[in-house]
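Subject: Structure handover

Hello,

Here is the structure I said I would pass on. My notes on it follow below; please read them with the structure open.

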Amino acid sequence: MSLQHFFRHNAQRVCSACKQLHNQAVIRPHRHQSAVKHGLPQLFSDVIHAHNFSKWFFRQRRFASSGPPNKYSVDLSQFPVENIRNFSIIAHVDHGKSTLADRLLEITGTIPKVPQNQQVLDRLQVERERGITVKAQTASLIHTHNGQSYLLNLIDTPGHVDFHYEVSRSLAACQGVLLLVDANQGVQAQTVANFTLALESDLAIVPVINKIDLKAAQPEVVAHQMNSIFGISTDEILKISAKKGTGVWDILTAVIERIPPPKADASQPMKALLFDSWYDQYRGVIANIAVGDGVITKGEKVVCMSSKKVYEVHEIGFMHPTPLAVEALYAGQVGYIITNMRNTEEAQIGDTFCHERSDVQAHPGFRPAKAMVFAGLFPSDQSEFVALRSAVERLTLNDSSVSLHSDSSPALGQGFRMGFLGLLHLDVFCQRLEQEFNTSFIVTSPNVPFKVKVKGAKNIKEHGGSEVTILNPCHMPNPSVIEEYQEPMVKGTIICPDQYLGSVTSLCLDRRGLIEDQLNIDNTRIMLIIRFPLNEILVDFFDDLKSVTSGYASFDYEDAGYEISSLVKVDFMLNGSVVDELAMICHTTRARDTARRVCEKLRETIPRQQFGIIVQGAVRSKILAREDIRPFRKDVTAKCYGGDISRKTKLLKRQAEGKKKMRKIGNIDVPKDAFIKVLKR
Ligand SMILES: Nc1nc2c(ncn2[C@@H]2O[C@H](COP(=O)(O)OP(=O)(O)OP(=O)(O)O)[C@@H](O)[C@H]2O)c(=O)[nH]1
């Protein structure tokens, strides 16, 4: 359908707000010169998709200024480096980043202003369903300030700790951030983590207090907190309501006036940082780039500095908020390129693009994401392994923080051992794999990467070194060759009202936490810095923390290296056979509890069979826990009315023998979700 047809088709609904203006737009778009001035977005009803509007909006702009339409309607060369601002919105979970992005897109006319605009940059199905941002998204806005046109590239980032890596990568393409704080909740753990990140990256910080429309909002108190924790002057803080749009214009002014333009030079040889990428099944790899110097143009050849491979730029463009093709991207600008890059492994995040034979300095790249949680991923049916591999490889391109190794298991066949940044990350990855690639698979119980030191030259040689990282508990060397066990630690930050200090402290001690520091944020709230074994906070810690603080605590953590520990491997057996996929490594003091808990969970999750199942948890040969799953039982004596008792006894004996035999040969199906469920406390 052509654009004109589209508008004709939607005429009645579109023109309801301003009939005259609309009719002109439909019938003679090129004459519709005043449209932009009239604030077009307000004219639209909810039926128009942002993508269609975006295309139309730019055509209208071009119609208003020059001749007939052509494919590349926006010339980005009109934005010199001084008129470019690249910034991210960072905040704690749910403090309103995506809502603020919606308002910024609306008031700059990038999308129509309709009530349906809710977190428009959260495009993934999983983001919409869960109401959280998982993937950082870029959008370019054009805004006029003091008579000059500015190109503002905004990146909406995730708030959850598991997606912290997305934030750190996004900041590499920015010169400033909007640090958002909820006017009711105040500074939270991820606010501190994000502020530190922005400070370390030497970015300009524009502090913003959001949700001032809430009845319980306390902007003055929150401003005071920001001052005492971050040293931010209260006069600098903008107070807004992203939901209502209050104060959002001031944000645009602050972005232009307080965030510096990128340090870029259009006359230098081209160099561009690849800071994100995703895979489109029809167009291949789409790479998000931040152009450092020079100009990158459609049709030219570019080199990937790490692999030295040459690619042709098939398409180049920027997100507005949907992809909009242009002829070229200039120094300081952020956009995307599509090349003949087909192999998912070629797009290395942190890589630098340049022209052939040019002598530019490569970007130092990013610190690789450190996987905190590992889990096995196996196809439900081995015949689907190839399909699963292709889906996993594509999704890992869209999510470069996932690490991938081949793995195999006697029970589940060929599969993968995958590393994630946290349990939510693992959960989201699995959901995306199911929804976006329609695959069916089994995930084994997640574990953290432990380390062991092995002794004896022969053993060292056998394990490829004296220090072995255990990504999969069933690969744990025999305890007799282990000299030392180490477990990963994290530095946790908890912010909560001080009345909960007692219950938070006892919860932390219960999880083998060590309180290192304590700070009063203001008269009512405290911040605790605690050293935890990662294994102890992996599952349910956050839920427990929320429940002991009536939902008022926030938690964030960062990697804090390894520490010597006393660990054991707990094996689980079903009718005497060890199920490798269920093996767990835990602290010695937790072994009995773990064995009991998992056996109970298995009893609840494994369906009853025709034969009895004995579930056991053991450390080496010592059984620590046992549960029995009773068989279905048919009343074989039902047909015997009265008569000889020996007849009944014979039938029952036969039944018992049959069940014993079945138990020996019967396959026990461990349900797919049991592997995850057993981990829950
Ligand atoms: N009352 C009020 N609610 C707001 C405001 N801004 C955002 N919200 C609400 O806060 C909730 C979270 O908003 P989001 O924009 O998804 O928050 P976010 O920071 O992007 O969330 P994550 O990406 O998951 O970290 C939504 O229900 C919004 O409607 C505001 O100014 N006032």
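**The ligand shell**

Helix α5 (residues 97-107) gives the most to the shell around the ligand, with 3 residues. Helices (H or I, at least four residues) and strands (E, at least two) are DSSP runs, numbered from the N terminus. In total 20 residues surround the ligand, and the closest are G96, S98, T133, G159 and K243. A residue is near a molecule or strand if its C-beta atom, placed from the backbone, lies within 6 Å of it. The shell divides into 6 nonpolar, 9 polar and 5 charged residues. In this division Ala, Val, Leu, Ile, Met, Phe, Trp, Tyr, Cys and Pro count as nonpolar, Asp, Glu, Lys and Arg as charged, and the others, Gly among them, as polar.

Two points on the source. This is a predicted model, in which local features need pLDDT of at least 70 and side-chain atom pairs count only at pLDDT 80 or more, while totals for chains, interfaces and linings use all residues. Residues are numbered from 1 along each chain as its sequence is written.

**The sheet and strand β4**

An open sheet of 6 strands has the order β2-β3-β1-β4-β5-β6, and its pairing is mixed. Its edge strands are β2 (137-145) and β6 (238-239), each of which pairs on one side only. Two strands pair if DSSP finds at least two bridges between them.

Strand β4 (residues 176-182) pairs with strand β1 (residues 84-91) in the parallel sense over 5 bridges. Within this pairing, I89 has L178 as its bridge partner, and I90 stands opposite L179. Strand β5 (residues 204-210) also runs parallel to β4, joined to it by 7 bridges; here G176 stands opposite A204. Together β4, helix α8 (residues 189-200) and β5 make a right-handed β-α-β unit. Right-handed means that, with the strands pointing away from the viewer, the path from the first strand over the helix to the second runs clockwise.

How many residues of β4 are buried? The count is 7 of its 7 residues. Buried means that 20 or more other C-beta atoms lie within 10 Å of a residue's own, exposed means 12 or fewer, and partly exposed is in between, with C-beta atoms placed from the backbone. In a regular strand the side chains alternate between the two faces of the sheet. In β4, G176, L178, L180 and D182 point one way, V177, L179 and V181 point the other way, and all are buried.

**Helix α12**

Helix α12 (residues 423-437) has 15 residues and should span 21 Å at 1.5 Å a residue; its end C-alpha atoms are 21 Å apart, which agrees. The expected span is 1.5 Å times one less than the number of residues. Its buried residues are H425, L426, V428, F429, C430, R432 and L433. Just after α12, N438 takes a positive phi of about 55 degrees.

**Backbone details in loops**

K211, in the loop between β5 and α9 (219-230), has a positive phi near 65 degrees and is not a glycine. K211 is buried, because 25 other C-beta atoms lie within 10 Å. S550, in the loop between α16 (541-548) and β25 (554-565), also has a positive phi, of about 50 degrees. S550 has 12 C-beta neighbours inside 10 Å, so S550 counts as exposed.

A cis peptide bond joins H320 and P321, with omega about -15 degrees. P321 lies in the loop between β11 (310-319) and β12 (323-325).

Regards
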